[in-house]
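Reader: Hi! Could you walk me through this one? I'd like to start with the aromatic rings.

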Amino acid sequence: MSGPNGAAAETPGAGEVTATVIIRAPAEQVFAAFTAWDRQSEWIPFTDVKVVSGDGGEGSLIMAVTAVGPVALRDEMRVVRVDAPYEVRVMHCGTLLRGPGVLRCTQMDHDRTQVVWHEWFHLPGGVAGRMAWPLLWPGSKVSLTQALKKFGRLVETGALP
């Protein structure tokens with residue numbers, strides 16, 4: 001396991017997840033769609049995303065609430081870096097979800113962009129939490145990949161941004 005700077009992450013209870021898709025659209029369009037924070041609710045299941053403070057750029061606070069039935073998970077994120085149209089970095093800073101995340105857009109040719117979404121997080125609940133987390137958290141590899149695929153379809157059809 002490696003951390004956001006490429007160094008080995010030895011923190012007990014830490015996890016990471018990566019999802020990748022190729023979208024038939026230029027990087028500028030893909031990046032603009034991803035950073036349309038309030039519209040992430042359209043492609044991340046069961047999740048409502050809002051800009052709490054700021055303009056969505058560096059320093060902004062983003063809140064994502066994922067709710068399934070009576071259970072809700074709040075994910076507070078601070079946007080720590082924006083390098084449009086290539087990269088956006090966030091720091092999950094809530095009480096439950098903590099750690100860095102990054103989305104990178106790499107232009108492959110004039111009409112295709114590779115998108116890599118990577119999250120590192122500290123997992124609550126010790127061993128039980130580490131075992132249950134991939135099944136419960138909507139940011140698991142399967143969920144993240146499915147969300148990115150839906151995102152890609154919305155961008156390709158012009159529904160986003």
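Author: Happy to. Rings of Phe, Tyr and Trp, the last by its six-membered ring, count as a pair if their centres lie within 6.5 Å. This is a predicted model, and it holds six aromatic pairs.

Reader: How are the rings of phenylalanine 34 and tryptophan 117 arranged?

Author: Their planes stand at 85° and their centres are 5.4 Å apart, so the pair is edge-to-face. It links distant parts of the chain, with phenylalanine 34 in helix H1 and tryptophan 117 in strand S7, 83 residues apart.

Reader: Are those two buried or exposed?

Author: Phenylalanine 34 and tryptophan 117 are both buried.

Reader: And what about tryptophan 43 and phenylalanine 151?

Author: Those ring centres are 4.6 Å apart with the planes at 45°, so that pair is tilted. Tryptophan 43 sits in the loop between H1 and strand S2, while phenylalanine 151 belongs to helix H3, 108 residues away. Both are buried. Together with Trp37, the residues Phe34, Trp43, Trp117 and Phe151 make up one aromatic cluster.

Reader: Nice. Which other residues of H3 are buried?

Author: Besides Phe151, they are Leu144, Thr145, Ala147, Leu148, Gly152, Leu154 and Val155. Just after H3, glycine 158 has a positive phi of about 85°.

Reader: Switching to strands: what does S7 pair with?

Author: S7 pairs with S6 in the antiparallel sense over eight bridges, and the two form a hairpin with two residues between them. Glutamate 119 of S7 stands opposite glycine 101.

Reader: How many bridges join S5 to S6?

Author: Seven, again antiparallel. S5 and S6 form a hairpin too, with four residues between them, and arginine 89 faces valine 102 in S6.

Key
Residues numbered from 1 in each chain as written. Predicted model: local features only at pLDDT ≥ 70, side-chain atom pairs only at ≥ 80, totals over all residues. Heavy atoms only, no water. Pairing = 2+ DSSP bridges. Buried < 20%, exposed > 50% of the residue type's maximum accessible area, 1.4 Å probe, protein only. Phe/Tyr/Trp six-rings, centres within 6.5 Å; stacked < 30°, edge-to-face > 60°.
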